[in-house]
Amino acid sequence: MVRRDPRHSSATARDDAGRVSTWWVLLLVLVLAAGAATWRLDLADPARERVESLYERVLGDDEEPDPRTDPAAVPPPPGLSLPALVDPDPVADPVDAESAGEPSPTAVRRVLERRLGEQRLGKRVSVAVAGATGAPAYAEGRALVPASTTKLLTSVAALETIEPGTTFATTTVLRGNRLVVVGGGDPFLMREPDAPGTTSVPARADITTLARLSAEELGERGVRRVRVGYDATLFSGPAFNPRWPDTYRGDVVSPITALWVDQGRPETGFGRVDDPAAVAAEVFAAALADAGVRVQGSPSPARGRGDEVAVVESAPVDDIVDRLLQVSDNEATEVLLRHVGLATGGAGSFVDGVRGVERVLERLGVPAPRRLYDGSGLSRENLLSPATLVGLLQAVVGADEDDPVRAVLGGLPVAGFSGSLTFRFDDAPPAAVGAVRAKTGTLSGVSSLAGTVVSRDGVPMVFALMLDRVGEADEGFAQAALDSAAAALGACRCARGGSGAGGG
């Protein structure tokens, strides 16, 4: 028997009966919630009748609500008079990309030149703005250092090449008296489970639970003592990208490995450890001992061959993409790049991951990167043209609703509301706040922003705004200038044949 953590079961492993049971439970919860709303708001009779009808459908015609347990059966307190609940108007009309029109090159140029023409932004300014389809309405500049907007490429490649709902398993296998922890490339594997009353987003597996499950299974098999090994050979090549500055070691980014806890951070949370896989094995061995198994010696590298004992699984790949885009997670992105390499027939290396990304872009008809060396954008040697980012975003926007790459849209931070844009766009026109969704990119002297926006007159647009020669004293100004330019696209009247740019 293999012990599995029920909190992180794969979506593909749930059977139809489980899904039916889940839906009945959810429906019953919704019915109870509807009953509570009826009591609290003293709804009109038609609303109460709808609630009671739901009870009948779930419980059967012969089951009457019990006033001792069902809020819907409790009469409202005397004297309480509240307006009936009504359905709100939609927040906004849905946008039909095919009929919404195209952006006016003149209006777009006027909006951008007004905000990106400052000398303080440096001499290397590149932009591209396009409608949902077709050639850019406005494009200017060359390929520049993209910084973290590179994560858009890796995210799309992962969603295109890895089966939707895929999770990455960390397992233990037993051979003789050696228990080996086998890393499966879970980017968010934690040291310990979430504290009571808290839940990580997305839900995350942890190595302490893996140790507990392993101890339970070993006990069933009559195994009382083991030696612990660890296998992180799923990924190949250097763990630290040779195209990254050496100053990133130990502080900016962890060595990328198929086995780690807390993304290679020490227990204090500050800095990075030199050998994440070895540290993860030490944490596992200590937890295994705490669970009652005698551990002999220290953990050492070993091949992960033998009988499977226990397994914990990561969040699904689309949830991982959502998270890494929201918070611009470098380590998670580099792990996904290795998985892209594996999924496209190569090894789990930086080189094969990049090659896989480039193949996906070619298949989607997106202009190739000028130079690409990693998945996160930490390399200052990467060069992307804004046309590459705009073409990629058009491919995402134009994908079918059930296409996995559409998850990228949900992962893009929203101006003034979420992720890396939560505390930006504070001076944006009201029409633009919440209308701009974009991935940020920041390195020393580099600032970029790429995403989607709908103009005030309903034209959907994708954009890429890039700077890579900004003086140190002007980095804050540059970031604000990009925010202002993106916000102005959302506030303008940019439809071709319209009245021209408007709004701050």
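**Aromatic rings and their neighbours**

Both Trp-244 and Phe-350 are buried, where buried means under 20% relative accessible area, exposed over 50% and partly exposed in between, with a 1.4 Å probe and protein chains only. This is a predicted model, in which local features need pLDDT of at least 70, side-chain atom pairs count only at pLDDT 80 or more, and totals for chains, interfaces and linings use all residues. Residues are numbered from 1 along each chain as its sequence is written, and side-chain values use heavy atoms, with hydrogens and water left out.

**Ring pairs**

- The structure holds two aromatic pairs; rings of Phe, Tyr and Trp (its six-membered ring) pair if their centres lie within 6.5 Å, and planes under 30 degrees apart count as stacked, over 60 as edge-to-face and the rest as tilted.
- Phe-240 and Trp-244 form an edge-to-face pair, 5.3 Å centre to centre with 85° between the planes.
- Phe-240 counts as buried because its relative accessibility is 10%, and Trp-244 is buried with a relative accessible area of 5%.
- Trp-244 also forms an edge-to-face pair with Phe-350, at 5.4 Å centre to centre and 75° between the planes.
- Trp-244 lies in the loop between strand E6 (225-231) and helix H6 (276-290), and Phe-350 in helix H9 (residues 350-364), so the pair ties together parts that are 106 residues apart in sequence; helices (H or I, at least four residues) and strands (E, at least two) are DSSP runs, numbered from the N terminus.
- Ring pairs link Phe-240, Trp-244 and Phe-350 into a cluster.

**Charges over rings**

- The charged end of Arg-120 sits over the ring of Phe-477, 4.0 Å from its centre, where a charge sits over a ring if NZ of Lys or CZ of Arg is within 6 Å of the ring centre and within 35 degrees of the ring normal.
- Arg-243 lies over the face of Tyr-373, at 4.0 Å from the ring centre.
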